[in-house]
Amino acid sequence: MERGGAAPDRVYLDYAGFAPVDPRVLAVMRPFLEAGIGNPSAPHSLGSEARESLEAARAKVARLVGGSGPGVIFTSGATEANNLAIRGVGMRASAGPRHVIATAVEHISVLNACRDLEKAGAAVTLLPVDGEGCVNPDEVRRALRPETALVSIGAACVEIGTTQPLTDIARITRAAGVPLHVDAVGALGRMALAADAMGFDLVTLSSNDLYGPPGAGALWVRPGLKILPQMLGGGQEGGYRSGTENLPALVGLGVAAELMRAEAAHGEPARLAALRDRLVEGLVGAISDCRLTGSRSARLPQHVSLVLRGAKADSVLLDLDLCGVAASSGSACAQRTGAPSHVLRAIGCSPQEMEGSLCFTMGRWSTIAEVDAVLERLPPIVARLRALGLPAPR
Amino acid sequence: MAAEPKVLIPDKDIDCIGLFCPMPIVKTREAIHGMRPGELLAMLSDDPASDADMRSWCQGTGHELVEVTREGGVYRFLVRKTR
């Protein structure tokens, strides 16, 4: 799938929104869709084959997370895994939900699960972040209470690319004996993360984030940590997530995890970081009143996010799309509501900047030619829109 | 002379109980879209984030947040469509 040096017709830089499924993953999934090896609970030989395949996928996912195999609970994706982690731990806490800590820049599935606990009587502390979206570990320490049931902090903010100081945070939560949940979407395979070695207690991952099929994910739970199931039924996944497993997708997720691990060991994060830096430097140099959001140094290697003044994101994205470039504004929620994104609010962006938020996320098939196509096509679009001063389409 | 207590009668009501961000705002936006300038929309929400979200959305869009009341865990927002 490597593209040549010529300007590509289609440039895809919205991997955080959806990643193409790796053809090697797809090839492994096919027989599971076509040959009746479907239900790991079935009593026949195809069922036992399904069970073995499911357990092999579980071991592969655990290896990527850096934790023990039995800790993996397969889910329908990261949103469900985040719900299971937060509501599962929060509601299991003795005397009902009491206190949970997250940050102001978490994914909406984390924030809304926390708000659900809040409605059930828990106290929720949303930690502030600095202007780059980074949480100070001392803030975690100060927010801890005797009744704190869980701390939930994403490895990286997928809207602005900033990674969090998890080693320091985990040291604090372990010393306090409070479980730490890490939503590792965007970060697994791109930065050093190891649940056991770093002291995480729950880890969320998404299959599609690893170039696996959409509609699958997992929550890794440290063995011994008790959670309450959120999906009730026939007791699949050790009783913590009922419903017949989506075996083709989970087998795909296993292969995707294995490929991600191999790729991380062979320089893919550095290749992506070089593309990222080329794009950032080129855009910030060519467009006035344009700056990187999030951290420059503590940043996902595949992530570029910008705010620009005087041009609205939806107009820019529309024009980019017309010239073959798929990108995003970083926040699907903000796009749906017309309200400013909670992440950009938390890092103190001005209202004008929030309207001009752009996000380019790269992946396994991103090329220098694609980056150069954006460097060539975006500056004139911004210049034209600024000259017109037109309002964004509604 | 004491002013008559003003009772504001909404032209439209929407119930977003049980929904979380962004849905109360999404549904408010949809409802406002079908109304005429000057009309009032009442929206009920029990999402703890909806107070901050509604204020921020009204500020951004220019619609007037006429009244916010809270009873138990339920907010009632009264929004006047301005344009």
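Which strands of chain B does helix α2 (residues 50–61) lie across? Hi everyone, let me start there. Helix α2 of chain B lies across β2, β3 and β4 of chain B, and runs at about 175° to β3(B). Angles here run from 0 to 180 degrees between N-to-C directions, with axes as lines fitted to C-alpha atoms, for helices over the stretch in contact. Helices (H or I, at least four residues) and strands (E, at least two) are DSSP runs, numbered from the N terminus.

A word on conventions. This is a predicted model, in which local features need pLDDT of at least 70 and side-chain atom pairs count only at pLDDT 80 or more, while totals for chains, interfaces and linings use all residues. Residues are numbered from 1 along each chain as its sequence is written, and chains are lettered from A and ligands numbered from 1 in the order in which they are written.

Back to chain B, then. Its four strands form an open sheet in the order β1-β2-β4-β3, with mixed pairing. Two strands pair if DSSP finds at least two bridges between them. At the edges sit β1 (12–15) and β3 (64–71) of chain B, each pairing on one side only. From one strand to the next, the twist averages 15°. β3(B) pairs with strand β4 (residues 74–80) of chain B in the antiparallel sense, over seven bridges. For T69(B), the bridge partner in β4(B) is R76(B). The other helix I want to show you is α1 (residues 23–33) of chain B, lying across β1, β2 (40–45) and β4 of chain B at about 160° to β2(B).

Now, how do the chains meet? Eleven residues of chain A are in contact with 16 residues of chain B, where contact is C-beta atoms, placed from the backbone, within 7 Å. On the chain A side, α4 (108–119) and α11 (332–337) are the elements that give two or more residues, and α4(A) gives the most, with five. By class, that side has four nonpolar, three polar and four charged residues. Nonpolar covers Ala, Val, Leu, Ile, Met, Phe, Trp, Tyr, Cys and Pro, charged covers Asp, Glu, Lys and Arg, and the others, Gly among them, are polar.

Next, chain A itself. Its domain assignment gives domain 1 (11–21 + 267–388) and domain 2 (23–264); such bounds come from an automatic or database assignment. Their centres, taken over C-alpha atoms, are 27 Å apart. The contact takes 28 residues from domain 1 of chain A and 29 from domain 2 of chain A.

Finally, helix packing. Two packed helices are described by the angle between their axes and the distance between the axes. Helices α9 (residues 268–286) and α14 (residues 368–388) of chain A pack at about 15°, axes 10 Å apart. α9(A) and α14(A) are therefore roughly parallel, given that angles under 35 degrees count as roughly parallel, over 145 as roughly antiparallel, 65 to 115 as roughly perpendicular and the rest as oblique. The residues of that contact divide into ten nonpolar, one polar and one charged.

Technical notes: Contact = placed C-beta atoms within 7 Å.
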